[in-house]
Amino acid sequence: MVGMSSRAAPKVAVLKGGPSAEREVSLSSGQECAHALRLAGYDVVEIDAGKDLPAQLALAGADVVFNALHGRWGEDGCVQGLLEWLGVSYTHSGVLASALAMDKTRAKQVLRDAGLPVMESVIADADEVRARHVLPPPYVVKPNSEGSSVGVYIVAAGANTPPQLSPQMPSRVMVETYVPGRELTVAVMGDRALGVTEIIVEGWYDYDAKYKLGGSRHVVPAEIPADITAACLDYARRAHEALGCRGLTRTDFRWDDSRGLAGLIILEVNTQPGMTPTSLAPEQAAKIGITFPELCHWIVKEALCRD
């Protein structure tokens with residue numbers, strides 16, 4: 001327990017839910033964070049963020065907003081812009097970093113310019129992707145601005161037909177060369193990379209594997225060579241900095257161990273990492289002695305100190 005005096009504790013509004021495809025996991029994240037912040041001594045109000053968010057915030061009268069939203073609107077700079085306009089302190093990354101990280105194509109360009117390894121991709125019309133192979137298989141098709149493996153299609157090597165994308169997919173999608181190898185991830189807390197986790201799952205690391213109990217197994221610290229561990233930590237810190245992130249982020253990698261360091265590729269940077277019982281960033285923090293209430297306290301304190 002952090003042990004903060006309740007009389008001196010700021011009031012925190014935890015934003016959760018929202019309208020994105022990741023609403024359910026955001027509700028879970030928000031509930032967990034609210035509970036942890038209460039244990040840390042904060043006065044907490046939980047807000048299921050909707051179109052009347054300014055009125056909800058005015059009614060709450062909070063000193064700082066803990067943003068536990070995931071996906072579009074909550075993670076892409078929109079809510080951040082609203083909070084800036086309202087003059088409300090908030091956690092995690094700002095408007096520009098949030099928007100950049102959510103736009104996979106622009107984020108890749110920033111990371112590439114910073115000398116970091118990313119996989120080649122193109123933006124294409126969804127109808128064209130349904131009609132023909134835009135890239136030679138194997139490749140991956142996904143929305144350019146979603147997270148948590150929402151709407152991801154993997155086209156295997158030797159596939160004869162293009163993917164039949166759901167009608168719910170956006171009209172323009174990202175088509176990316178498939179990156180083989182092991183799933184690795186690194187959480188960054190301010191300027192500190194916490195560790196490397198390997199995610200072991202049968203098949204694709206999809207939404208259910210990420211958020212359902214038993215969906216995946218986490219090995220932390222990852223059982224990988226020291227030079228790969230060092231590179232993951234370095235790349236994650238540099239990606240966090242290149243995008244202008246703040247607070248807590250998580251950078252996801254694929255590593256083809258047959259190619260050594262050349263096989264290590266950044267997939268994406270998450271500016272709003274999951275904060276559920278199965279989430280990776282809290283697990284890495286716990287491994288180095290930072291409890292969940294302490295982590296949430298640090299996130300709030302960092303937001304307040306920034307202002």
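Tutor: Two strands count as paired if DSSP finds at least two bridges between them. The model discussed here is predicted.

Student: In what order do the four strands of the open sheet stand, and which of them are at the edges?

Tutor: The open sheet has parallel pairing and the order E2-E1-E3-E4. A strand with a single partner has one side left without a neighbour in the sheet, so the edge strands are E2 (43-48) and E4 (89-90).

Student: How many bridges join E1 to E2, and what is the partner of Val 12?

Tutor: E1 covers residues 11-16 and runs parallel to E2, with six bridges between them. Within E2, Val 12 has as its bridge partner Val 44.

Student: Which helix packs on this sheet, and what angle does its direction make with that of E2?

Tutor: The helix spans residues 53-60 and touches E1, E2 and strand E3 (64-67). This is H2, and the angle with E2 is about 160°.

Student: Which residues touch the most other members of the largest nonpolar core, and which element gives the largest share?

Tutor: Nonpolar side chains tend to be buried together in soluble globular proteins. The largest core here holds 28 residues, and Leu 184, Val 186 and Phe 253 touch the most other members. Elements giving two or more residues to this core include helix H4 (95-102), strand E9 (182-189) and strand E13 (248-255). The largest share is seven residues, from H8.

Student: Which residues of the second core can be named, and how many residues does that core have?

Tutor: This core is separate, and Leu 37, Met 275, Cys 296 and Val 300 are among its members. Its total is 25 residues.

Student: What span does H8 reach, and against which elements do its buried residues pack?

Tutor: H8 has 17 residues and reaches 24 Å from first to last C-alpha, close to the 24 Å expected. Its buried residues include Ile 228, Leu 233, Tyr 235 and His 240. The buried residues pack against H5, E9, strand E10 (192-193), E13 and E14.

Student: Which residue just after H8 takes a positive phi?

Tutor: The phi angle in question is about 75°. The residue is Gly 244.

Student: Is Thr 249 buried or exposed, and which side chain makes a polar contact with that of Thr 249?

Tutor: Thr 249 lies in strand E13. Buried means under 20% relative accessible area, and Thr 249 has 0%, so Thr 249 counts as buried. Contacts of Thr 249 beyond four places in sequence include Ser 93, Val 186 and Pro 273. The polar contact, at 2.8 Å, is with the side chain of His 240.

Notes
Residues are numbered from 1 along each chain as its sequence is written. This is a predicted model: local features need pLDDT of at least 70, side-chain atom pairs count only at pLDDT 80 or more; totals for chains, interfaces and linings use all residues. Side-chain values use heavy atoms; hydrogens and water are left out. Contact means heavy atoms within 4.5 Å. Axes are lines fitted to C-alpha atoms, for helices over the stretch in contact, and angles run from 0 to 180 degrees between N-to-C directions. A nonpolar core is a set of buried Ala, Val, Leu, Ile, Met, Phe, Trp, Tyr and Cys residues joined through side-chain atoms within 4.5 Å. Buried means under 20% relative accessible area, exposed over 50%, partly exposed in between (1.4 Å probe, protein chains only). The expected span of a helix is 1.5 Å times one less than its number of residues. A polar contact is a pair of N or O atoms within 3.5 Å; within protein, one must be able to donate a hydrogen and the other to accept it, and residues adjacent in sequence count only if both atoms are side-chain atoms.
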